Amino acid sequence: MIVTELLEKYGALKKFFNKNEVVFKEGNLPTYYYQIISGEIKMSNYNDDGREFIQGIFYKAQSFGEPPLFLNQNYPANAIAVEDSEILVLAKKSFMKLLEENPTVSITIIENLAQRLFYKSVMAAEISTQEPEHRILKLIDHGIAYFNFKKDTNGYLINFTRQQIGDLTGLRVETVIRTIKSLEKKGLLKIINRKVYR
């Protein structure tokens, strides 16, 4: 995303978040731009039954939480560190100044937001109309294209837990486990040492 040196030039600070620590809460008004140096962040919320729904998972060099920042709307979800994470934090006013003075960075941000919007629209259609196998493969293929999953001799290592796959696709964990086994039998996925490969 935005190079560290440029963010720091505009006043960004590095902050460390422990695993399971909240970066921001649903309902809060945004005041910062966030970009991950290392670690993993999830944005999620809960329905009335207490079931978690993951809105997105973000990794190194990715930003998160920008739409409410631009709209001056409250966050629609919580951002939580999935593992120990280091994040660059830049005050909203300084972030807006950075964008005004660096048009190429603005284009990059727009492309990033457009990609997320595209993903959301694809997954919304998948969740409402498609069978579990189709939903899971669509999520995995999106992950390969946009989350830089590592490739080795077994294929692409899918860096989602079964729980995360369920939370991202609207499926129960039991359904995810059954579906992954079915996809393995069909030769569409591999399971090696409990890890999933595509």
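## The sheet

Four strands form an open sheet in this predicted model, in the order β2-β7-β4-β5 and with antiparallel pairing. β2 (22–24) and β5 (52–58) lie at the edges, each pairing on one side only. With direction ignored, neighbouring strands of the sheet are turned by 35° against each other on average.

One pairing can be followed residue by residue. Strand β4 (residues 41–46) and strand β7 (residues 78–81) run antiparallel and are joined by 4 bridges. Met 43 has Ala 79 in β7 as its bridge partner.

## The largest pocket

Rolling a probe the size of a water molecule over the atoms shows where empty space is left. The largest pocket holds about 650 Å³ of space. Its lining consists of 30 residues. Those nearest the centre of the pocket are Phe 58, Pro 67, Arg 116, Leu 117 and Lys 120.

## Where the lining comes from

The edge strand β5 also takes part in the pocket: β5, α2 (66–71), α4 (103–129) and α5 (132–146) each supply at least two residues of the lining. The largest share comes from α4, with 9 residues.

Sorted by class, the lining of the largest pocket has 18 nonpolar, 10 polar and 2 charged residues. Arg 116 and Lys 120, both among the residues nearest the pocket centre, count as charged.

Terms used: Residues numbered from 1 in each chain as written. Predicted model: local features only at pLDDT ≥ 70, side-chain atom pairs only at ≥ 80, totals over all residues. Heavy atoms only, no water. Pairing = 2+ DSSP bridges. Axes fitted to C-alpha atoms, helices over the stretch in contact; angles between N-to-C directions. 1 Å grid on protein atoms, 1.4 Å probe; cavity = no way out; pocket = protein on both sides within 12 Å on 5 of 7 lines; lining within 4 Å. Points joined across faces, edges and corners; volume = space filled by probe spheres on them.
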